[in-house]
Amino acid sequence: MEALQSAGVEVEHLTIDGPGSGSALAREAMARGCDAVIVCGGDGTVHEVLQCLVGTGVALGVVPMGTANALASNLGLAKSPAKAIQALLSARPVQVPVGRISYRTMDGAERRRYFTVAAGVGADALLMARMDPMLKRRLGYLLYIVEAFRIWVSHPFPLFQARFRANGNGKPRVEETSQLLAVRVHSFGGVLGTLAPCATLHADNLCLLAFKTQSRYRYLRFLLAVVGKRHTFSKDVELLQADSVECLTRNGSSTQVFVEADGEVLGQLPARIEVASETLTLLIPLDAHP
């Protein structure tokens, strides 16, 4: 607040005190005439707040104070709050496309959410569902690694159907996949780094990673290559672009397949992922190329 005020910015401090309050506070700020909302938190907190900012023209800024901070990493924002604020003071407001995911909640209701980092169906959503909030605060990024190992050891990686038109043309494709990730950012930060080279916040389509395998060995081989920054793609783990993708359970399957966006577990299949017609005004530092 001191850094913003000393730069001549009129600022109010609002505290998120529980699930849902972030969106409520953002709506309150917009009602007061604020032209920007700066979220101090991680990707989950940003995800909650941006739901009411998409399509409004009110700018979103990020000060990374979460566990993964993938969006902030993609924007080149330092983990130091003071340095992040200085970068935001000279940032430019840019309208960027956002992803949108439609899904079914655990009680069967149909919902949809916007996202900026990624939306996932399958093992990554199960990983988010297993994250204990208290342990996450204590262990941080280490908990992701521990839970990912547990899933790799015990999860059967059940298959589901993904329907899309690859690379924006051609005949519709139907693939049996155990994990599908729609990525909107170039960098995830942390051990994942540049997972999907084709992804960018400015794209008007989706960059998809489709895992068409149930083999633990192939999962491990790919993820180890990602950590070593030498991963490539194949018929088992395919990288492609699509305007939208629809994910459905296999005929006769009763297996529950989870859905997530920006690291937040949302619900289960069926799900549809696409780029929304609305845009988000995002504060992007001058030297960032997301």
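Mentor: Count the ring pairs: there are five aromatic pairs. The rule takes rings of Phe, Tyr and Trp (its six-membered ring) whose centres lie within 6.5 Å; planes under 30 degrees apart are stacked, over 60 edge-to-face, and the rest tilted. Take Phe 149 and Trp 152. Their ring centres are 6.0 Å apart and their planes meet at 35 degrees, so this pair is tilted. Before going on, a word on the source. This is a predicted model, in which local features need pLDDT of at least 70, side-chain atom pairs count only at pLDDT 80 or more, and totals for chains, interfaces and linings use all residues. Residues are numbered from 1 along each chain as its sequence is written, and side-chain values use heavy atoms, with hydrogens and water left out.

Back to the pair. Phe 149 and Trp 152 sit three residues apart in helix H8 (residues 141–154), so about one helical turn separates them. Helices (H or I, at least four residues) and strands (E, at least two) are DSSP runs, numbered from the N terminus. An α-helix has 3.6 residues a turn, so residues three or four places apart point the same way. Phe 149 counts as exposed at 51% relative accessibility. Trp 152 counts as partly exposed at 25%. The cut-offs are these: buried is under 20% relative accessible area, exposed over 50%, partly exposed in between (1.4 Å probe, protein chains only).

Phe 222 and Phe 233 also form a tilted pair, 5.8 Å centre to centre with 50 degrees between the planes. Phe 222 lies in helix H9 (residues 216–227), and Phe 233 in the loop between H9 and strand E10 (237–249), so the pair ties together parts 11 residues apart in sequence. Phe 222 is buried at 6% relative accessibility. Phe 233 is partly exposed at 28%. Both belong to a cluster: ring pairs link Phe 157, Phe 211, Tyr 219, Phe 222 and Phe 233.

Now the covered parts. Helix H5 (residues 81–89) has Ala 84, Ile 85 and Leu 88 as its buried residues. They cover an arc of only 100 degrees around the axis, which puts them on the same side of H5. That arc is taken from the directions from the helix axis to the C-beta atoms. Their cover includes helix H1 (2–6), E1, E2 and strand E12 (264–284).

Strand E2 (residues 59–64) is mostly covered, with six of its six residues buried. Ala 59, Gly 61 and Val 63 point one way; Leu 60, Val 62 and Pro 64 point the other way. E2 pairs with strand E1 (residues 36–41) in the parallel sense over six bridges. Two strands pair if DSSP finds at least two bridges between them. Gly 41 stands opposite Pro 64. The chain runs from E1 through helix H3 (residues 43–50) to E2, a right-handed β-α-β crossover. Right-handed here means that, with the strands pointing away from the viewer, the path from the first strand over the helix to the second runs clockwise.

Last, Thr 105. This residue is in the loop between strand E3 (92–104) and strand E4 (110–115). Thr 105 is buried, at 13% relative accessible area. Leaving aside neighbours within four places in sequence, Thr 105 is in contact with Arg 111, Leu 266, Gly 267 and Gln 268. Contact means heavy atoms within 4.5 Å.
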